[in-house]
Amino acid sequence: MLDKPGKTVRHARALRRSMTVPEVALWTALRSRPGGLKFRRQHPAGPFVLDFYCAAAMLAVEVDGEAHDRGDRPARDQWRDAMLAAHGIETLRIPARAVLADLEAVIRLVVATAQVRMPLHHRPAAGGPPPQASLGEE
């Protein structure tokens with residue numbers, strides 16, 4: 001994974017305290033571990049801070065407001081996504097207005113995207129791993 005320089009960690013902590021309304025709405029849903037998936041919010045990854053990150057699926061979820069459509073932001077976002085992809089991290093970009101309009105559909109999309117990226121041997125269980133006795137091991 002990407003190193004986490006101290007400056008990026010401090011920036012991530014500050015961003016956690018000043019999340020946007022769509023980010024708060026999405027985090028409220030993601031923190032309940034939909035589909036058994038664990039997400040982190042404002043996760044530092046190298047020089048970047050990812051809005052949400054699922055380590056098991058190596059999936060970054062970015063909530064993009066209208067500022068991402070202006071100026072050099074589309075090119076910067078594309079460069080950033082390519083840098084993350086070089087480290088095996090896929091970026092799922094979701095418009096902020098979609099989060100506010102239909103949060104349930106966004107959650108289904110995020111979970112489906114993460115589950116497709118999960119290794120076959122690591123499907124999350126809703127209640128955690130099964131007890132050892134039910135695995136047939138003594």
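Of the 138 residues in the chain, 36% are buried. The model is a predicted one. Its accessible surface comes to about 8400 Å², and carbon and sulfur atoms account for 55% of that area. The secondary structure consists of 5 helices and 4 strands, in the order α-α-β-β-β-α-β-α-α along the sequence. Among contacts between residues at least 6 apart in sequence, 65% join residues at least 24 apart.

**Aromatic pairs**

The structure holds 2 aromatic pairs. Tryptophan 27 is buried, because its relative accessible area of 13% is under the 20% cut-off. Phenylalanine 52 is also buried, at 0% relative accessibility.

Phenylalanine 48 and tryptophan 79 form an edge-to-face pair, with 5.8 Å from centre to centre and 70° between the planes. Phenylalanine 48 lies in strand E2 and tryptophan 79 in helix H3 (residues 73-86), so this pair ties together parts 31 residues apart in sequence. Phenylalanine 48 is buried, with a relative accessible area of 10%. Tryptophan 79 counts as exposed because its relative accessibility is 51%, and exposed means over 50%.

The geometry of the pairs is set out below.

| Pair | Centre distance | Plane angle | Type |
|---|---|---|---|
| Phenylalanine 48 and tryptophan 79 | 5.8 Å | 70° | edge-to-face |

**Arginine 93**

Which side chains make polar contacts with the side chain of arginine 93? One is that of aspartate 64, at 2.9 Å. Another is that of aspartate 81, where the polar contact is 3.0 Å. Arginine 93 lies in strand E4 (residues 90-95). Arginine 93 is partly exposed, since its relative accessible area is 24%, which falls between the 20% limit for buried and the 50% limit for exposed. The C-alpha atom of arginine 93 is separated by 8.3 Å from that of alanine 60, which is 33 residues away along the chain.

Conventions:
Residues are numbered from 1 along each chain as its sequence is written. This is a predicted model: local features need pLDDT of at least 70, side-chain atom pairs count only at pLDDT 80 or more; totals for chains, interfaces and linings use all residues. Side-chain values use heavy atoms; hydrogens and water are left out. Rings of Phe, Tyr and Trp (its six-membered ring) pair if their centres lie within 6.5 Å; planes under 30 degrees apart count as stacked, over 60 as edge-to-face and the rest as tilted. Buried means under 20% relative accessible area, exposed over 50%, partly exposed in between (1.4 Å probe, protein chains only). Helices (H or I, at least four residues) and strands (E, at least two) are DSSP runs, numbered from the N terminus. Contact means heavy atoms within 4.5 Å. Accessible areas come from the Shrake-Rupley method with a 1.4 Å probe; for residues, only the protein chains shown count as cover. A polar contact is a pair of N or O atoms within 3.5 Å; within protein, one must be able to donate a hydrogen and the other to accept it, and residues adjacent in sequence count only if both atoms are side-chain atoms.
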